[in-house]
Amino acid sequence: MALPECSLSTGDTTWIILATAFCLMMGPALAFFEAGMLRAKHSLSIITQVFAGTCMLSCLWLLVGYSFAFGTTFGGIIGGFDHVLWLNVPYDKCGPHSSNIPAALHALFQMMFATITPLIMTGSYAERLRWEAFLIFTLLWEILVYYPAVHWVWGGGFLAQWGVLDYAGGIVVHTSAGAGALAIALFLGPRADFLQYMGEAPPSNVPLAGVGTALLWMGWFGFNGGSAMHAGNLAVSAVVSTHVAACVSCVVWLVLSMWNHRPAATAMFNGILAGLAGITPASGFVSTQATIAIGLLCGLLAYYGSQISKKRFHIDDALDVHWIHGATGSLGSILLGVFGRRAGDGVSDYELHFHSSPWQIFIQTVGVGIVGCYSFAVTWTILSAMKARMGPLAHDEDAQEAGLDWVDHGEVAYCRLNVLREIRTTHPEAISHINGIAIPSEDDYMKHDTGKHPGGAGLVIRPNASRGVGEGYQSAL
């Protein structure tokens, strides 16, 4: 399909800049959601992973990522080196993938997708993956899984040539991340206390998780609305579908949680995310009525799938990433072939040149299967190679019990310095020990004197001379 002649639009450019800012907000929003849903002693570790990952992956996208994803294709498999360090990515001209906005803005918008996709998997391996393993895995997965998948579907690769469609990332983002999340959950095995809570440990800060959900919901308007690449009726269609699907899926989770127990806030949060992920591949391509059906089906799939996964198969995907993102994104991608509209049905002729058909359903299913299987296989291969080189990738039981905040970062999210001050004031004899348990002083914590007190504020430490720093602790959180 020939692209229209380049014509930079001030209105379109303004909208995509705003949408890019919305997408950037989704990284911190994801961190807040996951930190609130996890236990307090691990919450800072997940925030650190997301912020560090966002910065590292942005640099990698600038270095080679955009070129591998959207450069001149090599056999429909991967892009070339035309745009390394964003060479030939002008600020005052269009690019082959953007006829109405500067090429550099398209690269920046796609950077937001590249940064958040691997970080979705943090919810799967939360509370156990070692910090150095996180760094290496994230970079390798981005290069070996995400960049090829983008090129296949959006960069002119072989799936695009076959006719596979993905409006805003159902296949590229959610299927690939969901399959990777399942692989890493199976590879690492369950957390030390998985059976105690059946993988559903009480969240540490539900209001923080609610804030994260709200920001993700808002950010998704830029994620899906911005994928129209212009400010027009297609963007409106995408934003409307995004909101409707989130609400329908939320209602599904709310009703089911009331039926099985009580109206849980965490269930509503997960329902919203399931609807958002499910509508992503179809949001600009389906009617509002079809969106209701997609939100309903994705809500049901994610709710029952996550229950079966943990309770029957004991798969410790901490925040059910492979269902809430992977399964729903895959289902939405396939339903795109069921509910797709014709070009004349109130959407842009330039953007939409297909309609629902058995062939479109088939080719969408093929696209989902190829990307999902590829992501799972490569993820498993990366982890196997890392384990052979680095040893165990997950922390041992003692470190998990102490909490990754202190073990990996020497900090804690919710320090108890005020408690320590109160103890010193009311019970000076208990400054050093409480019930035989050593308590680090406020000064020691602030100095990070891990040699003297292998722990920190918010932790209680059972001294054990045979263990090193990071071992033999018991968390008070």
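In this predicted model, ring pairs join W61, Y66, F68, F70, F81, W86, Y146 and Y147 into a cluster. The count of aromatic pairs comes to 23. One of the pairs brings together W152 and Y374, whose rings sit edge-to-face, with 4.9 Å from centre to centre and 65° between the planes. This pair links distant parts of the chain, for W152 belongs to helix α5 (residues 131-153) and Y374 to helix α14 (residues 358-390), 222 residues apart. The two partners can also be described by their accessibility: W152 is buried, with a relative accessible area of 6%, whereas Y374 is partly exposed at 26%.

A further edge-to-face pair is formed by F158 and W162, with a centre-to-centre distance of 5.1 Å and an angle of 75° between the planes. W162, at 42%, counts as partly exposed.

Turning to the cysteines, the model holds one disulfide. A disulfide is a covalent bond between the sulfur atoms of two cysteines. The bond in question joins C6 to C94, with an S to S distance of 2.0 Å. C6 lies in the segment before α1 (10-37), and C94 is found in the loop between β2 (78-79) and α3 (103-120), so the pair ties together parts that are 88 residues apart in sequence. The torsion about the S-S bond is about 75°, which means that the disulfide is right-handed. As for accessibility, C6 is partly exposed at 41%, while C94 is buried at 15%.

C23 is buried, with a relative accessible area of 4%. C250 takes part in no disulfide, and the nearest cysteine sulfur, which belongs to C247, is 7.1 Å away.

Helix packing is illustrated by helix α12 (residues 288-311) and helix α13 (residues 321-339), which pack at an angle of about 145° with their axes 9 Å apart. The crossing of α12 past α13 is right-handed. On the α12 side, the contact is made by A290, A293, I294, L297, C298, L301, A302, G305, S306 and S309. From α13 come H322, W323, I324, A327, T328, L331, L335 and F339. By residue type, the contact divides into 13 nonpolar and five polar residues, with no charged ones.

L85 has a phi of about 55° and is placed in the loop between β2 and α3. Its relative accessibility of 53% is over the 50% limit, so L85 counts as exposed. M198 has a phi of about 50° and lies in the loop between α8 (194-197) and α9 (206-225). At 24% relative accessibility, M198 counts as partly exposed.

Key: Residues are numbered from 1 along each chain as its sequence is written. This is a predicted model: local features need pLDDT of at least 70, side-chain atom pairs count only at pLDDT 80 or more; totals for chains, interfaces and linings use all residues. Side-chain values use heavy atoms; hydrogens and water are left out. A disulfide is a pair of cysteine sulfur atoms within 2.5 Å. Helices (H or I, at least four residues) and strands (E, at least two) are DSSP runs, numbered from the N terminus. Buried means under 20% relative accessible area, exposed over 50%, partly exposed in between (1.4 Å probe, protein chains only). Rings of Phe, Tyr and Trp (its six-membered ring) pair if their centres lie within 6.5 Å; planes under 30 degrees apart count as stacked, over 60 as edge-to-face and the rest as tilted. Axes are lines fitted to C-alpha atoms, for helices over the stretch in contact, and angles run from 0 to 180 degrees between N-to-C directions. A crossing is left-handed if the near helix is turned anticlockwise from the far one by less than a right angle, and right-handed if clockwise. Contact means heavy atoms within 4.5 Å. Ala, Val, Leu, Ile, Met, Phe, Trp, Tyr, Cys and Pro count as nonpolar, Asp, Glu, Lys and Arg as charged, and the others, Gly among them, as polar.
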